[in-house]
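Reader: I'd like to go through this one label by label. Could you tell me what stands behind each term you use?

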Amino acid sequence: MRARPVILHLDLDAFFTAVEQLHKPSLRGKPVVVGGVGGRGVVSTASYEARVFGVRSAMPTAEARRRCPHAAYLAPRFEAYRDASHVVMDLAREVTPLLEQVSIDEAYLDLTPTLADGGVGTADAVDAVTAVAEGLRARIVAATGLTASVGAATSKLLAKIHSDLAKPDGLVVVPPGEEAATLAPMPVRAVPGVGPATAARLSAHGVTTVGRLAALELDEAVALLGTAHGTQLHAFAHGVDDREVVTERAAKSVSAETTFPSDVTDRVRLGSVLRDLAGRVGDRLRADGLSGRTIVLKARRHDFSTLTRSTTLDQPTDEDAVVVRHAERLLGGLDVSDGLRLLGVGVSGLSLYVQPDLLDGLLDDAPPPVRESDDDDDFVRPDAGGSTAADRGPVPVVAEPVPPAAPSWRPGQDVEHAEHGAGWVQGSGVGRVTVRFEGPNTPVGRVRTFATDDPDLVPAAPPVWHPDDG
DNA sequence: TCTGGGGTCCTAGGACCC
DNA sequence: TCTGGGGTCCTAGGACCC
């Protein structure tokens with residue numbers, strides 16, 4: 001029998017302001033606000049000293065200044081935060097490699113295998129979890145000076161809710177079996193996924209606590225909130241959450257946007273901002289070895305209403321010029337005479353991309369990999385319909401040319417490529433192998449995906465690029 | 001008080017194909 | 001003459017999270 005899951009949710013306390021107070025001792029013990037400092041800025045993080053004055057995340061900075069004029073107002077310094085985050089996440093990975101980082105300051109840890117020998121489900125187990133969590137919190141403080149709060153429970157849901165209740169600088173362990181009873185008295189807003197709109201809708205039906213939500217019939221919840229949301233929140237309200245800790249997740253979109261200090265009607269100015277945004281998006285696509293098929297333009301009007309316009313290309317791109325051309329066309333279709341307060345550009349429908357010439361070169365030089373695992377059955381040909389392997393049936397096999405079985409690329413193996421420097425194989429699967437490069441000609445961490453020839457399964461269509469398969 | 005920037009997921013309607 | 005159903009893809013908008 002599988003052991004009952006043990007999940008930790010680790011959440012750094014007032015992270016941005018805590019880093020600033022560490023770097024600048026004169027800020028310690030004083031109200032500090034990090035966020036947009038311009039006229040239309042909002043608060044990202046308020047230190048606990050600033051929260052006393054009613055300053056909160058997502059509040060307009062202008063309002064924060066009214067409530068707490070003597071606070072220090074700082075623009076965010078993401079590089080400093082990323083550095084600190086790396087140190088913390090590395091410490092957490094020493095506890096378990098089963099770590100899912102959900103943002104710069106938050107992660108889930110799955111301790112189930114780590115504690116499997118400790119008799120999970122017994123009274124001792126609570127002590128064991130407590131010891132692991134307190135040990136991690138202590139090492140984080142020692143290494144960085146930052147405090148973290150931790151919730152520990154049998155699911156992500158309970159762990160997350162309780163790291164919040166543990167704040168600041170605390171630990172809450174929810175004993176197994178007490179999940180639903182613990183949730184019942186809480187306001188529905190405590191449940192992740194219940195925002196202002198959902199809370200208002202529930203409240204209009206007399207549902208203000210998690211217990212009342214749990215008391216609804218499933219079909220009532222679905223009628224109220226829709227299939228997906230209703231089903232999930234109904235399960236959450238009963239303390240049921242089977243979501244697993246996922247260690248790696250592929251990006252689904254890349255975007256950049258900017259809010260103007262005052263609304264803009266000038267198309268020349270909008271065009272130049274558009275090119276700048278597209279350049280930022282293109283830089284990040286190329287740095288990550290990604291390209292995408294769908295170009296998205298986002299605009300926010302003077303009344304805060306938001307418009308999006310998108311177009312999908314035949315082939316994915318990571319080129320600024322292509323993104324700009326399509327985004328400009330989309331912008332041309334909008335009425336901007338009342339002025340825009342925000343303009344954004346994004347690319348979605350991402351895939352790991354390799355240029356055809358690179359593909360040829362590498363396949364000539366290197367032996368084809370063999371299939372490493374059986375779980376990569378979601379290979380999708382670029383021109384294929386259907387979303388699962390079962391929908392499409394077997395991938396067609398061509399009669400020739402089938403290369404002979406040869407030494408495979410294995411995860412961790414070193415690979416040389418003239419244009420991309422040295423790299424190592426990160427993963428492999430049917431129809432593709434992922435190589436992470438780090439070399440003189442290649443930004444650190446660039447990922448390229450190369451098509452492969454599997455002796456048993458050769459795609460009929462030339463797999464020059466590969467659709468994102470998660 | 002007047003609302004950032006980066007994302008994810010879901011819904012709904014229409015086009016299109018078989 | 002009038003009328004199908006299922007499935008996928010695309011587009012637009014909205015809720016939510018940090």
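This is a predicted model: local features need pLDDT of at least 70, side-chain atom pairs count only at pLDDT 80 or more; totals for chains, interfaces and linings use all residues.

Reader: What makes strand 7 and strand 8 a pair?

Author: Three bridges join strand 7 to strand 8 (residues 171–173), and the cut-off is at least two, so they count as paired. The two run parallel.

Reader: Which way does strand 1 run against strand 7, parallel or antiparallel?

Author: Antiparallel, with six bridges joining strand 1 to strand 7. Here A152 turns up again, standing opposite L8.

Reader: Why is strand 7 called mostly covered?

Author: Strand 7 spans residues 148–153, and six of its six residues are buried. Buried means under 20% relative accessible area. Both sides are covered: A148, V150 and A152 point one way, S149, G151 and A153 the other way, and all are buried. In a regular strand the side chains alternate between the two faces of the sheet.

Reader: How do you know that L202 is buried?

Author: Its relative accessible area is 0% and the cut-off is under 20%, so L202 is buried. L202 lies in helix 9. Leaving aside neighbours within four places in sequence, L202 is in contact with V188, V207, L213, L224 and L225.

Reader: Why do you say that the buried residues of helix 9 line one face?

Author: The buried residues of helix 9 (residues 196–203) are T198, A199 and L202. Seen down the axis, they fall within an arc of 100 degrees, so they line one face of the helix. An α-helix has 3.6 residues a turn, so residues three or four places apart point the same way.

Reader: What does that buried side of helix 9 pack against, and what does the face turned away from it carry?

Author: The buried residues pack against helix 10 (210–215), helix 11 (218–225) and helix 12 (227–237). The face turned away carries P196 and A197, which are exposed, and exposed means over 50% relative accessible area.

Reader: What makes strand 3 and strand 4 edge strands?

Author: They belong to an open sheet of three strands in the order 3-2-4, with mixed pairing. Strand 3 (43–46) and strand 4 (72–74) each pair on one side only, so they are the edges. The twist averages 25 degrees from one strand to the next. Helix 1 (residues 15–23) packs on this sheet, touching strand 2, strand 3 and strand 4, and its direction makes about 120 degrees with that of strand 2.

Reader: How do you know that strand 2 and strand 3 pair?

Author: Strand 2 (residues 32–35) and strand 3 share three bridges in the antiparallel sense; at least two are needed, so they pair. As an example, V33 has A46 in strand 3 as its bridge partner.

Reader: What is the strand order in the sheet of four strands?

Author: The order is 9-12-10-11 in an open sheet, and the pairing is antiparallel. Its edges are strand 9 (253–264) and strand 11 (306–317), each pairing on one side only. The twist averages 15 degrees from one strand to the next. Strand 10 (residues 290–301) and strand 12 (residues 340–352) pair over 11 bridges, with A299 partnered by L343 in strand 12.

Reader: Which helices lie across strands of that sheet?

Author: Helix 13 (residues 267–287) lies across strand 9, strand 10, strand 11 and strand 12, at about 155 degrees to strand 9. Helix 14 (residues 320–332) lies across strand 10, strand 11 and strand 12, at about 145 degrees to strand 11.

Reader: Which residues lie nearest the centre of the second largest pocket?

Author: D11, E106, K160, D164 and K167, out of 25 lining residues. The space in this pocket is about 580 Å³. Helix 7 gives the largest share of the lining, four residues.

How values were computed: Residues are numbered from 1 along each chain as its sequence is written. Chains are lettered from A and ligands numbered from 1 in the order in which they are written. Side-chain values use heavy atoms; hydrogens and water are left out. Axes are lines fitted to C-alpha atoms, for helices over the stretch in contact, and angles run from 0 to 180 degrees between N-to-C directions. Contact means heavy atoms within 4.5 Å. Buried means under 20% relative accessible area, exposed over 50%, partly exposed in between (1.4 Å probe, protein chains only). The arc is that of the directions from the helix axis to the C-beta atoms. On a 1 Å grid over the protein atoms alone, a cavity is a set of points where a 1.4 Å probe fits but cannot get out, and a pocket is an open set with protein on both sides within 12 Å along at least five of seven lines; lining residues have an atom within 4 Å of a point. Grid points are joined across faces, edges and corners, and a volume is the space filled by probe spheres set on the points.
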